[in-house]
Amino acid sequence: MRHSFRRGSQDHALYIAGTRCKFTAMSFDTDPGVAEIPTTAAAQPVAFHQVLKKETRADHDEVDSLFSQFDLTSRASYGRFLSAHAAALVPLERWLRSASPNIDAAARVRALTADLDALGQAVPEAEPLTWAPSTAAHWGAAYVTEGSRLGGAMLARRVPDDFPRDYLSAVHPQGAWRAFIAALEDQALTHGPVWQRETRAAATRTFALYRNCAIAMGARLGQ
């Protein structure tokens, strides 16, 4: 490609990938008939987990708001906090047991049961989930249950030393959450839009389960 350059006294601007770059006292022309270099970069596809995070943000924030109402420094309130988690996680673990993601929620259920037992409380009775099983639905539910572990270490620091806290301390091993997200992205890419919609619906449904369990243990909407 041949370019001709000429000196000039006017200011000129070049737009590259949406950015205005100004050149003073110089301009350049491309010979007619020669293809121009595109100045707009192709949009990069948004990662599925980012779409999932954005579309469930309101559900996530609502659940966080409800669970934040429990006082973790009060033995009774901390017991209700754990009971609300158990009311959601125990039936979820049973439902996820045959899931395609390699998720071991049983270890967290055992930790949760041990913490409640140390507080002198029983695990709440919970009806089995009647959700239709599918690979997409399992991934959507697992996204919520595994994501709930991310803040566990921070919450555990708010619990008094003489309270049991095995459940909140059951954080991800190093790299495990990143590996989960990578596997989720691979599944989303392999199965396409219909699978992704079903996964989002399952994640929303799982957040609703946690919300309802928090309310059943005394949390209030709008507080």
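Select E55 and R200: the two form a salt bridge, with their closest N and O atoms 2.8 Å apart. (A salt bridge here is a side-chain nitrogen of Lys or Arg within 4 Å of a carboxyl oxygen of Asp or Glu.) E55 sits in helix α1 (residues 48-55) and R200 in helix α9 (residues 193-216), so this pair ties together parts that are 145 residues apart in sequence. Helices are DSSP runs of H or I with at least four residues, strands are runs of E with at least two, and both are numbered from the N terminus.

Before moving on, a word on what you're looking at. This is a predicted model, where local features need pLDDT of at least 70 and side-chain atom pairs count only at pLDDT 80 or more, while totals for chains, interfaces and linings use all residues. Residues are numbered from 1 along each chain as its sequence is written, and side-chain values use heavy atoms, leaving out hydrogens and water.

Now color by accessibility. Is R200 buried or exposed? R200 counts as buried, at 18% relative accessibility, while E55 is partly exposed at 46%. The cut-offs: buried is under 20% relative accessible area, exposed is over 50%, and partly exposed lies in between (1.4 Å probe, protein chains only).

**Stop two: along helix α2**

Next, pick R57 and D61, another salt bridge, with the closest N and O atoms 3.3 Å apart. The two are four residues apart in helix α2 (residues 57-67), so about one helical turn separates them. R57 is partly exposed, at 34% relative accessible area, and D61 is partly exposed too, at 38%.

**Stop three: a buried pair**

Jump to R149 and E146, whose side chains meet in a salt bridge at 3.2 Å, N to O. Here R149 is buried at 13% relative accessible area, and E146 is buried at 7%. By the same rule, the salt bridge count comes to six.

**Zoom out**

Switch to cartoon and you have nine helices and four strands. Start at the N terminus and follow the order: β-β-β-β-α-α-α-α-α-α-α-α-α. How many of the 223 residues count as buried? The figure is 37%.

For contacts (heavy atoms within 4.5 Å), take those between residues at least 6 apart in sequence: 74% of them join residues at least 24 apart.
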